[in-house]
Amino acid sequence: MSSRRLLPPGDGEPGVPDPKEEPGTEMHRDAPDDAAWIDRFEWRARLRTKPPLNAAYRIGIGFLGLVVVAVGAAAVPLPGPGWLIVFAGLGIWGTEFAWARDLLHFARRKVHGWNQWLAPKPWWVKALVGLVVCAFVLGAMWAMFAISGVPGLLPDSIENLLRKLPGVS
């Protein structure tokens, strides 16, 4: 754990030392890896004092996050909110695990950096990026149909059209 401390809402300002803290430590509102961040709710702080309940809670959060991340990972190559679901699972894990909070913050920084890079580009660069993303999604759907076949729940006209693609039966 770091020496940074989290201030509850309304308690002082970031960077202002708390007289109760050891000299030389600073307080920050953005200290996600600190136990104070985890214990910001009274019920959670009480739960942490009971090791068996705390372990069961952490296992439950770990399992719930795993299910959400797995569903999101399965949905990533398909049209829809796959990455959003993965990030939601990381957010669930992040309520209990510092590594997940760090990974989520890393991903947010990378997405923000990508958006900052793409924003000033001309419209044709943005359109080209959109086409590359569409090609990736279509390629992933083709691979899914080539591996698992065309699902029978599609209308016959779409099914027949998909079966004409090379490698899809």
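Helices α3 and α4 run roughly antiparallel to each other, a label for angles over 145 degrees. The model is predicted, and local features need pLDDT of at least 70, while side-chain atom pairs count only at pLDDT 80 or more. Residues are numbered from 1 along each chain, and side-chain values use heavy atoms.

Helix α3 covers residues 51–75 and helix α4 residues 82–94; they pack at about 165°, with axes 7 Å apart. Here, helices are DSSP runs (H or I, at least four residues) numbered from the N terminus, and axes are lines fitted to C-alpha atoms over the stretch in contact, with angles from 0 to 180 degrees between N-to-C directions.

Which residues make the contact? Among them are Ile 61, Leu 64 and Val 68 of α3 and Ile 85, Leu 90 and Trp 93 of α4, where contact means heavy atoms within 4.5 Å. By class, this contact has 14 nonpolar, five polar and no charged residues; Gly counts as polar, and Ala, Val, Leu, Ile and Trp are among the nonpolar types.

Now to the rings. The whole structure holds five aromatic pairs, meaning ring centres within 6.5 Å, with planes under 30 degrees apart called stacked, over 60 edge-to-face and the rest tilted. Here are two of the pairs:

| Pair | Type | Centre to centre | Between planes |
|---|---|---|---|
| Trp 43 and Tyr 57 | edge-to-face | 5.7 Å | 80° |
| Trp 93 and Trp 99 | tilted | 5.3 Å | 50° |

Trp 43 sits in helix α2 (residues 42–48) and Tyr 57 in helix α3, 14 residues apart. Is Trp 93 buried or exposed? Trp 93 is buried at 12% relative accessibility, whereas Trp 99 is partly exposed at 48% (buried is under 20%, exposed over 50%, partly exposed in between, with a 1.4 Å probe and protein chains only). Ring pairs also join Trp 93, Phe 97 and Trp 99 into a cluster.

Conventions:
Helix = DSSP H or I, 4+ residues; strand = E, 2+ residues; numbered from the N terminus. Parallel < 35°, antiparallel > 145°, perpendicular 65-115°, else oblique. Phe/Tyr/Trp six-rings, centres within 6.5 Å; stacked < 30°, edge-to-face > 60°.
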